[in-house]
Amino acid sequence: MGLNTGYLTSSREENELYTPYYAVDPIIKYLPKDKVIWCPFDKEWSAFSVLLKEYGYEVITSHINEGKDFFTYEPEKWDIIVSNPPFSIKDKILKRLYSFNKSFAVLLPLNSLQGKTRYEYFKQGVQLLTFDARINFHKQDSMDVTVKGSPFATAYFCRDLLPKDLIVEKLEPYNRRLQ
């Protein structure tokens with residue numbers, strides 16, 4: 001069996017990659033229309049913000065670059081968190097997510113399922129929306145260029161959101177500019 005050298009050699013310093021539109025589409029059908037969605041790791045132009053607003057959701061975006069650090073900032077009114085957080089601090093993010101005791105859907109590497117720290121959160125309840133293929137994320141400030149060949153599988157880790165604990169769907173990559 002071959003060694004997954006992509007995972008072993010991938011840069012952990014590139015901590016800000018952006019979600020393509022096609023990876024936002026699968027979670028939308030599970031989001032109630034009457035809820036306020038907080039995207040705490042997003043800018044107004046992010047795929048989460050743009051698509052959720054296009055589908056008629058009330059969306060609050062926040063980003064550390066705007067002085068709204070997820071660990072110290074919280075909007076006045078929100079119901080569900082949906083976002084793509086920095087993978088390098090996933091344990092800290094999960095701790096804060098579970099502390100809210102609200103629904104969420106965040107993209108994380110699939111191998112995040114394992115870990116002694118994460119076990120303590122996931123035993124409270126976790127749901128997965130995963131895919132038949134890996135997501136190719138975008139580089140910073142460019143929704144037109146993807147980073148090809150993701151070294152790991154990614155899934156939405158959810159709480160109190162999906163109709164089942166495990167859902168597997170087909171990803172349908174597309175170029176939004178062509179639509």
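The side chains of K53 and E44 form a salt bridge in which the closest N and O atoms are 2.4 Å apart, a salt bridge being a side-chain nitrogen of Lys or Arg within 4 Å of a carboxyl oxygen of Asp or Glu. K53 counts as partly exposed at 36% relative accessibility, and E44 is likewise partly exposed at 46%; here buried means under 20% relative accessible area, exposed means over 50%, and partly exposed lies in between, with a 1.4 Å probe and protein chains only. The model is a predicted one, in which local features need pLDDT of at least 70 and side-chain atom pairs count only at pLDDT 80 or more, while totals for chains, interfaces and linings use all residues. Residues are numbered from 1 along each chain as its sequence is written, and side-chain values use heavy atoms, with hydrogens and water left out.

| Salt bridge | N to O distance |
|---|---|
| K53 and E44 | 2.4 Å |
| K29 and E169 | 3.2 Å |
| R159 and D160 | 3.9 Å |

K29 forms its salt bridge with E169, and because K29 lies in the loop between α2 (21–28) and β1 whereas E169 lies in strand β7 (residues 166–169), the pair ties together parts that are 140 residues apart in sequence. Helices (H or I, at least four residues) and strands (E, at least two) are DSSP runs, numbered from the N terminus. K29 is exposed at 53% relative accessibility, while E169 is buried with a relative accessible area of 15%.

Although L166 and T130 are 36 residues apart in sequence, their C-alpha atoms are 7.7 Å apart in space.

Strand β5 (residues 127–131) is mostly covered, with five of its five residues buried. In a regular strand the side chains alternate between the two faces of the sheet. In β5 both faces are covered, with Q127, L129 and F131 buried on one side and L128 and T130 buried on the other. Two strands pair if DSSP finds at least two bridges between them; β5 is joined to β6 by three bridges, running antiparallel, and to β7 by four bridges, running parallel. Q127 stands opposite C158 in β6, and L129 has I167 in β7 as its bridge partner.

Helix α4 (residues 90–100) has K90, I93, L94, R96, L97, Y98 and F100 buried, and what covers these buried residues includes β1 (36–39), β3 (80–83), β4 (103–109), α5 (116–122) and β6 (154–159). After α4 comes N101, whose phi is positive, near 55°.

Rings of Phe, Tyr and Trp (its six-membered ring) pair if their centres lie within 6.5 Å, and planes under 30 degrees apart count as stacked, over 60 as edge-to-face and the rest as tilted. By this rule the count comes to 14 aromatic pairs. One of them joins F70 and F71, whose ring centres are 5.3 Å apart and whose planes stand at 70°, so the pair is edge-to-face. F70 is buried at 3%, whereas F71 is partly exposed at 22%. Ring pairs also link W38, F41, F70, F71, Y73, W78 and F100 into a cluster.

How values were computed
Contact means heavy atoms within 4.5 Å.
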